[in-house]
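Q: Could you walk me through this one slowly? I am new to reading structures.

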Amino acid sequence: MRKLTQISLTGHSAVFRANDDAYDVLWRYLERARLNLKDNPDHEEVLGDLEQSIGEKFLALLGSDERVLTIADVNTVLAEIGPVEPDRAEPTLANQAPRTRRQLYRIKEGQEIFGVCQGLAAYADIPVDWLHLIFLVLATITGGLFILVYLALAIYLPVVSTREEYFARQTALLNTL
Amino acid sequence: METDPNKFSTLRKGLLEFLILSIVSAGKVYAADILQRLSNTDFSTQEGTLYPLLSKMRREDLLDYEWQESGLGPPRKYYTLTETGQRQLAEFRTYWKTLTALIDELGEQPCEN
(Lines give C-alpha, C1' and ligand atoms only; values in the text may rest on other atoms or scores of the structure.)
Protein backbone atom coordinates (compact mmCIF):
# COMPACT_ATOMS: atom_id res chain seq x y z
CA MET A 1 0.00 0.00 0.00
CA ARG A 2 1.28 3.47 -0.84
CA LYS A 3 -0.09 6.89 -0.14
CA LEU A 4 -0.54 9.20 -3.12
CA THR A 5 -0.48 12.98 -3.03
CA GLN A 6 -1.82 15.48 -5.50
CA ILE A 7 0.51 18.34 -6.34
CA SER A 8 -0.62 21.57 -7.90
CA LEU A 9 2.10 23.87 -9.19
CA THR A 10 1.97 27.57 -10.03
CA GLY A 11 0.90 28.18 -13.63
CA HIS A 12 -0.31 24.63 -14.21
CA SER A 13 -4.02 23.91 -14.23
CA ALA A 14 -3.55 20.15 -14.16
CA VAL A 15 -2.60 18.44 -10.90
CA PHE A 16 0.29 16.00 -10.72
CA ARG A 17 -0.05 12.76 -8.82
CA ALA A 18 2.99 11.76 -6.82
CA ASN A 19 4.13 9.23 -4.26
CA ASP A 20 4.22 10.61 -0.76
CA ASP A 21 8.02 10.43 -0.54
CA ALA A 22 8.37 12.13 -3.94
CA TYR A 23 6.17 14.96 -2.65
CA ASP A 24 8.36 15.26 0.44
CA VAL A 25 11.49 15.72 -1.65
CA LEU A 26 9.83 18.44 -3.73
CA TRP A 27 8.44 20.16 -0.66
CA ARG A 28 11.85 20.20 1.01
CA TYR A 29 13.45 21.65 -2.14
CA LEU A 30 10.92 24.48 -2.27
CA GLU A 31 11.19 25.21 1.45
CA ARG A 32 14.96 25.40 1.18
CA ALA A 33 14.63 27.69 -1.82
CA ARG A 34 12.19 29.86 0.14
CA LEU A 35 14.64 30.10 3.03
CA ASN A 36 17.53 31.05 0.74
CA LEU A 37 15.40 33.67 -0.99
CA LYS A 38 14.19 35.30 2.21
CA ASP A 39 16.14 38.50 1.53
CA ASN A 40 14.69 38.77 -1.97
CA PRO A 41 11.56 40.99 -1.91
CA ASP A 42 10.21 39.12 -4.95
CA HIS A 43 10.69 35.67 -3.47
CA GLU A 44 7.07 34.61 -4.03
CA GLU A 45 7.44 35.41 -7.70
CA VAL A 46 10.73 33.54 -8.03
CA LEU A 47 9.22 30.52 -6.25
CA GLY A 48 6.28 30.69 -8.67
CA ASP A 49 8.69 30.72 -11.64
CA LEU A 50 10.49 27.71 -10.20
CA GLU A 51 7.22 25.82 -9.69
CA GLN A 52 6.19 26.58 -13.23
CA SER A 53 9.47 25.23 -14.62
CA ILE A 54 9.27 22.15 -12.42
CA GLY A 55 5.76 21.53 -13.78
CA GLU A 56 6.93 21.94 -17.38
CA LYS A 57 9.72 19.45 -16.78
CA PHE A 58 7.28 16.98 -15.18
CA LEU A 59 5.08 17.26 -18.27
CA ALA A 60 8.04 16.68 -20.57
CA LEU A 61 9.09 13.68 -18.50
CA LEU A 62 5.68 12.08 -18.34
CA GLY A 63 4.62 12.79 -21.91
CA SER A 64 1.21 11.29 -22.49
CA ASP A 65 1.91 8.81 -19.70
CA GLU A 66 -0.63 9.13 -16.87
CA ARG A 67 1.63 7.56 -14.30
CA VAL A 68 2.37 8.67 -10.77
CA LEU A 69 5.54 10.72 -10.16
CA THR A 70 8.19 8.80 -8.24
CA ILE A 71 11.03 10.05 -6.11
CA ALA A 72 13.38 9.32 -9.04
CA ASP A 73 11.31 11.61 -11.31
CA VAL A 74 11.42 14.42 -8.79
CA ASN A 75 15.17 14.01 -8.27
CA THR A 76 15.78 14.07 -12.03
CA VAL A 77 13.82 17.28 -12.46
CA LEU A 78 15.33 19.00 -9.40
CA ALA A 79 18.83 18.12 -10.62
CA GLU A 80 18.01 19.95 -13.86
CA ILE A 81 16.63 22.97 -12.02
CA GLY A 82 19.58 23.16 -9.65
CA PRO A 83 19.63 24.49 -6.10
CA VAL A 84 18.73 28.05 -5.16
CA GLU A 85 21.72 29.46 -3.34
CA PRO A 86 21.49 32.31 -0.85
CA ASP A 87 22.34 35.66 -2.38
CA ARG A 88 25.68 35.94 -0.64
CA ALA A 89 26.95 32.40 -0.67
CA GLU A 90 30.50 33.28 0.29
CA PRO A 91 31.45 35.96 2.75
CA THR A 92 33.47 38.67 1.07
CA LEU A 93 36.33 40.54 2.70
CA ALA A 94 34.02 43.49 3.29
CA ASN A 95 31.48 41.69 5.47
CA GLN A 96 33.94 39.66 7.47
CA ALA A 97 34.69 40.97 10.91
CA PRO A 98 37.58 43.37 10.44
CA ARG A 99 40.76 41.85 11.75
CA THR A 100 43.03 44.56 12.95
CA ARG A 101 46.53 43.27 13.23
CA ARG A 102 48.04 46.47 12.05
CA GLN A 103 51.62 47.42 12.15
CA LEU A 104 53.04 50.65 13.51
CA TYR A 105 55.54 52.56 11.39
CA ARG A 106 57.39 55.84 11.45
CA ILE A 107 56.28 58.07 8.58
CA LYS A 108 58.80 60.51 7.13
CA GLU A 109 56.20 62.62 5.35
CA GLY A 110 55.54 65.71 7.49
CA GLN A 111 57.82 64.53 10.28
CA GLU A 112 58.84 66.98 13.06
CA ILE A 113 61.67 64.88 14.41
CA PHE A 114 61.62 61.19 13.46
CA GLY A 115 58.00 60.82 12.30
CA VAL A 116 56.91 58.71 15.30
CA CYS A 117 53.86 60.95 15.87
CA GLN A 118 52.98 60.81 12.17
CA GLY A 119 53.07 57.02 12.37
CA LEU A 120 50.93 56.89 15.52
CA ALA A 121 48.46 59.37 14.04
CA ALA A 122 48.00 57.22 10.93
CA TYR A 123 47.77 54.08 13.05
CA ALA A 124 45.10 55.50 15.41
CA ASP A 125 43.47 57.71 12.76
CA ILE A 126 43.68 60.89 14.84
CA PRO A 127 45.18 64.30 13.96
CA VAL A 128 48.94 64.44 14.34
CA ASP A 129 48.72 67.76 16.23
CA TRP A 130 46.98 65.99 19.11
CA LEU A 131 49.84 63.53 19.38
CA HIS A 132 52.40 66.30 19.33
CA LEU A 133 50.52 67.91 22.19
CA ILE A 134 50.25 64.64 24.16
CA PHE A 135 53.97 63.95 23.66
CA LEU A 136 54.93 67.46 24.76
CA VAL A 137 52.73 67.25 27.85
CA LEU A 138 54.08 63.80 28.77
CA ALA A 139 57.65 64.93 28.16
CA THR A 140 57.07 67.92 30.42
CA ILE A 141 55.41 66.12 33.35
CA THR A 142 57.91 63.24 33.29
CA GLY A 143 60.74 65.75 33.38
CA GLY A 144 62.04 64.75 29.96
CA LEU A 145 62.00 61.01 30.67
CA PHE A 146 59.33 60.46 28.05
CA ILE A 147 61.75 61.66 25.39
CA LEU A 148 63.49 58.31 25.88
CA VAL A 149 60.26 56.53 24.98
CA TYR A 150 60.09 58.64 21.85
CA LEU A 151 63.67 57.80 20.97
CA ALA A 152 63.09 54.09 21.63
CA LEU A 153 60.13 54.15 19.24
CA ALA A 154 62.21 56.05 16.69
CA ILE A 155 64.85 53.33 16.85
CA TYR A 156 62.60 50.29 16.84
CA LEU A 157 59.82 51.23 14.43
CA PRO A 158 60.23 50.42 10.76
CA VAL A 159 59.95 53.43 8.51
CA VAL A 160 57.90 54.33 5.44
CA SER A 161 58.22 57.54 3.46
CA THR A 162 54.59 58.65 3.01
CA ARG A 163 51.16 58.19 4.59
CA GLU A 164 49.97 56.76 1.27
CA GLU A 165 52.62 54.07 1.43
CA TYR A 166 51.64 53.32 5.02
CA PHE A 167 47.98 52.73 4.14
CA ALA A 168 48.89 50.66 1.10
CA ARG A 169 50.95 48.41 3.35
CA GLN A 170 48.10 48.04 5.87
CA THR A 171 45.71 47.05 3.08
CA ALA A 172 48.20 44.55 1.74
CA LEU A 173 48.65 43.16 5.24
CA LEU A 174 44.91 42.76 5.78
CA ASN A 175 44.51 41.02 2.45
CA THR A 176 47.11 38.42 3.27
CA LEU A 177 45.44 37.39 6.54
CA MET B 1 49.55 21.60 -14.41
CA GLU B 2 46.05 22.72 -15.34
CA THR B 3 44.59 25.87 -13.90
CA ASP B 4 42.34 25.26 -10.94
CA PRO B 5 38.80 25.58 -12.38
CA ASN B 6 37.62 27.34 -9.21
CA LYS B 7 40.03 30.15 -9.88
CA PHE B 8 37.81 31.39 -12.70
CA SER B 9 34.46 30.59 -11.11
CA THR B 10 34.20 33.88 -9.23
CA LEU B 11 35.00 35.72 -12.43
CA ARG B 12 32.33 33.76 -14.31
CA LYS B 13 29.77 34.42 -11.60
CA GLY B 14 30.33 38.14 -11.94
CA LEU B 15 30.17 38.05 -15.73
CA LEU B 16 26.94 36.03 -15.96
CA GLU B 17 24.81 39.12 -15.45
CA PHE B 18 26.41 40.87 -18.44
CA LEU B 19 26.02 37.80 -20.63
CA ILE B 20 22.32 37.79 -19.80
CA LEU B 21 22.11 41.48 -20.74
CA SER B 22 23.80 40.60 -24.00
CA ILE B 23 21.41 37.71 -24.76
CA VAL B 24 18.33 39.77 -23.94
CA SER B 25 19.62 42.66 -26.08
CA ALA B 26 19.24 40.45 -29.17
CA GLY B 27 15.46 40.40 -28.76
CA LYS B 28 12.59 39.23 -26.55
CA VAL B 29 13.48 35.99 -24.80
CA TYR B 30 12.07 33.86 -22.06
CA ALA B 31 14.08 32.11 -19.35
CA ALA B 32 14.42 28.80 -21.19
CA ASP B 33 15.89 30.62 -24.24
CA ILE B 34 18.53 32.18 -22.01
CA LEU B 35 19.43 28.79 -20.50
CA GLN B 36 19.56 27.31 -23.99
CA ARG B 37 21.92 30.01 -25.26
CA LEU B 38 24.23 29.51 -22.28
CA SER B 39 24.22 25.72 -22.37
CA ASN B 40 27.40 24.20 -23.80
CA THR B 41 29.31 27.33 -22.87
CA ASP B 42 31.43 27.94 -19.79
CA PHE B 43 28.47 29.87 -18.41
CA SER B 44 25.96 27.03 -18.55
CA THR B 45 23.53 27.58 -15.70
CA GLN B 46 20.25 26.35 -14.22
CA GLU B 47 16.83 27.75 -13.32
CA GLY B 48 17.73 27.72 -9.63
CA THR B 49 20.47 30.27 -10.33
CA LEU B 50 18.89 32.14 -13.22
CA TYR B 51 15.50 33.01 -11.71
CA PRO B 52 16.80 34.78 -8.61
CA LEU B 53 19.30 36.65 -10.82
CA LEU B 54 16.59 37.74 -13.30
CA SER B 55 14.48 38.96 -10.40
CA LYS B 56 17.42 40.95 -9.03
CA MET B 57 18.15 42.46 -12.44
CA ARG B 58 14.51 43.45 -12.81
CA ARG B 59 14.57 45.15 -9.42
CA GLU B 60 17.66 47.06 -10.54
CA ASP B 61 15.65 48.17 -13.56
CA LEU B 62 17.95 46.50 -16.09
CA LEU B 63 15.27 44.16 -17.42
CA ASP B 64 11.54 44.20 -17.81
CA TYR B 65 9.17 41.44 -18.79
CA GLU B 66 5.71 40.92 -20.18
CA TRP B 67 3.49 37.86 -20.00
CA GLN B 68 2.81 36.15 -23.28
CA GLU B 69 0.69 33.13 -24.12
CA SER B 70 2.68 30.15 -25.30
CA GLY B 71 1.32 27.59 -27.73
CA LEU B 72 1.15 24.90 -25.09
CA GLY B 73 1.43 25.20 -21.36
CA PRO B 74 1.10 28.27 -19.17
CA PRO B 75 1.91 31.85 -20.29
CA ARG B 76 5.56 32.82 -20.15
CA LYS B 77 7.51 35.87 -19.11
CA TYR B 78 9.32 37.45 -22.04
CA TYR B 79 12.23 39.63 -21.05
CA THR B 80 13.45 42.83 -22.71
CA LEU B 81 16.18 45.33 -21.85
CA THR B 82 15.23 48.63 -20.30
CA GLU B 83 17.09 51.81 -21.20
CA THR B 84 19.21 51.40 -18.08
CA GLY B 85 19.98 47.84 -19.16
CA GLN B 86 21.03 48.97 -22.63
CA ARG B 87 23.24 51.65 -21.18
CA GLN B 88 24.86 49.24 -18.75
CA LEU B 89 25.52 46.70 -21.50
CA ALA B 90 27.16 49.39 -23.66
CA GLU B 91 29.30 50.48 -20.71
CA PHE B 92 30.26 46.90 -20.02
CA ARG B 93 31.25 46.26 -23.65
CA THR B 94 33.48 49.33 -23.68
CA TYR B 95 35.02 48.38 -20.35
CA TRP B 96 35.62 44.82 -21.52
CA LYS B 97 37.48 46.05 -24.60
CA THR B 98 39.61 48.36 -22.49
CA LEU B 99 40.37 45.48 -20.16
CA THR B 100 41.42 42.99 -22.84
CA ALA B 101 43.51 45.68 -24.54
CA LEU B 102 45.18 46.43 -21.21
CA ILE B 103 45.93 42.76 -20.53
CA ASP B 104 47.43 42.36 -24.02
CA GLU B 105 49.43 45.56 -23.69
CA LEU B 106 50.84 44.62 -20.28
CA GLY B 107 51.85 41.26 -21.68
CA GLU B 108 53.77 42.79 -24.57
CA GLN B 109 56.14 45.15 -22.82
CA PRO B 110 58.72 44.13 -20.28
CA CYS B 111 58.89 46.30 -17.18
CA GLU B 112 61.19 49.27 -17.61
CA ASN B 113 62.45 49.54 -14.07
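This is a predicted model: local features need pLDDT of at least 70, side-chain atom pairs count only at pLDDT 80 or more; totals for chains, interfaces and linings use all residues.

Q: Okay, what is chain B built from?
A: Chain B has four helices and two strands, and if you start at the N terminus, the elements follow the order α-α-α-β-β-α.

Q: And how much of chain B is buried?
A: Of the 113 residues in chain B, 33% are buried, while the accessible surface of the chain comes to about 7,700 Å², with 51% of that area belonging to carbon and sulfur atoms.

Q: Switching topic, how many salt bridges are there over all chains?
A: There are 15 salt bridges over all chains.

Q: Why can side chains pair like that at all?
A: Side chains of opposite charge can pair when their charged atoms come close.

Q: Which residue does Arg59(B) meet in a salt bridge?
A: The partner of Arg59(B) is Asp42(A), with a distance of 3.0 Å from N to O. This pair crosses between chains, since Arg59(B) lies in helix 3 (residues 47-59) of chain B, whereas Asp42(A) lies in the loop between helix 1 (20-36) and helix 2 (43-62) of chain A.

Q: Is Asp42(A) buried or exposed?
A: Asp42(A) is buried, because its relative accessible area is 15% and the cut-off for buried is under 20%. Arg59(B), on the other hand, counts as partly exposed at 36% relative accessibility.

Q: What does Lys57(A) pair with?
A: Lys57(A) forms a salt bridge with Glu47(B), and their closest N and O atoms are 3.1 Å apart. Here too the pair crosses between chains, going from helix 2 of chain A to helix 3 of chain B. Glu47(B) is buried, with a relative accessible area of 7%.

Q: And which residue does Asp65(A) meet?
A: The side chain of Asp65(A) meets that of Arg67(A) in a salt bridge of 3.4 Å, N to O. Asp65(A) is partly exposed at 42% relative accessibility, and Arg67(A) is partly exposed at 33%.

Q: Last topic: which residues make the nonpolar surface patch?
A: The patch, of about 570 Å², is made by Ile113(A), Phe114(A), Leu145(A), Ile147(A), Leu148(A) and Leu151(A).

Q: Where is Leu151(A) found?
A: Leu151(A) is in helix 6 of chain A, which covers residues 146-156, and this leucine is partly exposed, with a relative accessible area of 35%.

Terms used. Residues are numbered from 1 along each chain as its sequence is written. Chains are lettered from A and ligands numbered from 1 in the order in which they are written. Side-chain values use heavy atoms; hydrogens and water are left out. Patches are made of residues with over 30% relative accessible area and no salt bridge: like charges are joined within 9 Å, nonpolar side chains (Val, Leu, Ile, Met, Phe, Trp, Tyr) within 5 Å. Accessible areas come from the Shrake-Rupley method with a 1.4 Å probe; for residues, only the protein chains shown count as cover. A salt bridge is a side-chain nitrogen of Lys or Arg within 4 Å of a carboxyl oxygen of Asp or Glu. Buried means under 20% relative accessible area, exposed over 50%, partly exposed in between (1.4 Å probe, protein chains only).
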